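Let's take a walk through a protein together.

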Amino acid sequence: VRFFARTFATNRQVEKVMPFAVVDTKAPTIAIVPERTENPASNVAIRINVKDPSVIKNKKYVWLDEDANVPADADPSWKDMTAENIVVETKDFKALKEGTLSIAVQASDALDNKATVKAQKYVLSQLVPKTITFQPSTTEFTNQDVQLTINFETDSNVRKYKIDNQGWQDYTGPVAISSNCTVLAQATNGNFMLTKSLQITNIDKVAPEKITITAQNMYLAQIADLTLNITAEDSISGFKANMPANVQYKWIKSGTQPDATPWTNAPLNTFVDNAKAVSFSVTNSVDKGLYTLHVKAADYAGNVSTKLSEEYNLYNYDILPPTFVVTPATGWVKDKVTLEIHHNASETGEEIYYSEDPNADKTTWTKYTAPIEIT
C-alpha cells in the first residue's frame, strides 16, 4: 500500500510504501470430471482441476471401494499427483479389483488450507482378465521341443510370459520349450493383472540309461538253448505299454553289427505305461557258432539306446560226457594196458585233456591226442 502526505504551505510531499499479507482462508477448489464411468476402457481417463488464489502446495489422490471412507492424511494409500490432467496408471492400481470404485482427491495451498473431494462412482466390471489358457503342441512324452501357445483375452493390452526364473518377455506367438520347466503367463488390462502357470513335464531327450544282459547260468553258454536275462532302464519317460517295438533284440552271428534279419520284439506283457524298467528273458536255439545278442531299447519319448552281450559259443546239441575203453578190459597183464577216451569232440571241435591225478590243477593236464599206454 502506498501512503503519502503533503503540506500546503510548502507544497512538500512525503511518500511511504508498506507491504502487508493478503488474507486467504479459502481452501482450493477441486473439480473431478470423468470421461466415462460405466465399464471404461483399459485406463480410466479423468480430468482433475485444482484451483486456488495462492500457490497449490500438495495434490494427491486415492482409489476407494464404493462405501469406503476417505483415509487419513498420512495414510500411505494416497498417491501424489503432479499434473492437473492425469490418466490412471497400471502401476498405481495393481491391488485393485473389479467392482464399484470412487476416487478421492485432496489439495492444500501455501497457507495449508485443505480440501478433499470424493468423486462419483466408477463401475469397473470388464477390466480384469478372466482367463489365460495354455495349448502345448503335445502332452505325450516327446524328444522334441514343445511348441506352447498361450491364449489371452482380446482386451488384454499387455501379454507376457517367462520360463522358470528367467525374465519376463512379451508374448508374440508360440514359444519353443526345449526342456521341462514352469511357464508363467501374465495378462494386464489397465489397472488389473492375471497370472497363470503351466508345468511342462513331458520332454525327454535322454536315451535309456542302462541295458543289462546276463546269462542265467554261465554253463548254459555251452549248450544249444542259451537263455539271457535283459533289463532296460529309463528314469524320465520310461516305457510305453502296448508298444512292442520299445525293446527289441536280435541274435548276431560272427560279428558285432546287426544284420538284415528282422528284430524280435520283447513280450508285450513286459510293459506298463511309464514303467522305469522292463525285464524279460530270451532263449536262442541256433546252429553252432559264436553269437552275440544285440538289444535296442526306445523309451516313451523315442530316444534309443543299444547294447551288445558277451560272445557266446553255442552248439546245436549237448556236450556228451567222455567214456573210457581199456584194452584188455579184464584179467592180469604182464606189461601194459591201453586206455582210449571216447568223446564227440571231433563233431563239436572240443579238445580233451586228462590227468592221472584228478586233484591236479587243470592247467597241468595233458591234451589227449591218441590212446594212452598205462604200465
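A salt bridge is a side-chain nitrogen of Lys or Arg within 4 Å of a carboxyl oxygen of Asp or Glu. Side chains of opposite charge can pair when their charged atoms come close. Before we use this idea, a word on what you are viewing: it is a predicted model, in which local features need pLDDT of at least 70 and side-chain atom pairs count only at pLDDT 80 or more, while totals for chains, interfaces and linings use all residues. Residues are numbered from 1 along each chain as its sequence is written, and side-chain values use heavy atoms, with hydrogens and water left out.

Let's begin with D145, which forms a salt bridge with K205; their closest N and O atoms are 2.6 Å apart. D145 sits in the loop between β10 (132–136) and β11 (146–152), and K205 in the loop between β16 (192–200) and β17 (210–215), so this pair ties together parts that are 60 residues apart in sequence. Strands (E, at least two residues) and helices (H or I, at least four) are DSSP runs, numbered from the N terminus.

How covered are these two partners? We call a residue buried under 20% relative accessible area, exposed over 50%, and partly exposed in between (1.4 Å probe, protein chains only). D145 counts as partly exposed because its relative accessibility is 33%, and K205, at 42%, counts as partly exposed too.

The whole structure holds 5 salt bridges. Another one joins K114 and D73, at 2.1 Å from N to O. Here K114 belongs to strand β9 (residues 114–124) and D73 to the loop between β5 (56–65) and β6 (79–80), 41 residues apart. A further salt bridge is formed by D170 and K160, with 2.6 Å between the closest N and O atoms. D170 is in strand β13 (residues 169–170) and K160 in strand β12 (residues 158–163), 10 residues apart.

Strand β12 also leads us to a neighbour. It pairs with β15 in the antiparallel sense over 6 bridges; two strands pair if DSSP finds at least two bridges between them. Within this pairing, V158 stands opposite T188 in β15. Strand β15 (residues 181–189) is mostly covered, with 7 of its 9 residues buried.

Now let's go inside. A nonpolar core is a set of buried Ala, Val, Leu, Ile, Met, Phe, Trp, Tyr and Cys residues joined through side-chain atoms within 4.5 Å. The largest one has 21 residues, and those with the most contacts inside it are L228, V247, V282, L293 and V295. At least two residues of this core come from each of β17, β18 (225–233), β19 (247–253), β21 (277–285) and β22 (289–298). Leaving aside residues up to four places away in sequence, V295 touches I211, I213, I230, V247, Q248, Y249, S305, T306 and K307, where a contact means heavy atoms within 4.5 Å. A second, separate core of 18 residues includes I163, Y171, C181 and V183.

Finally, let's step back. The secondary structure comes to 1 helix and 29 strands. Of the 375 residues, 34% count as buried. Among contacts with a separation of 6 or more, 61% are between residues 24 or more positions apart.
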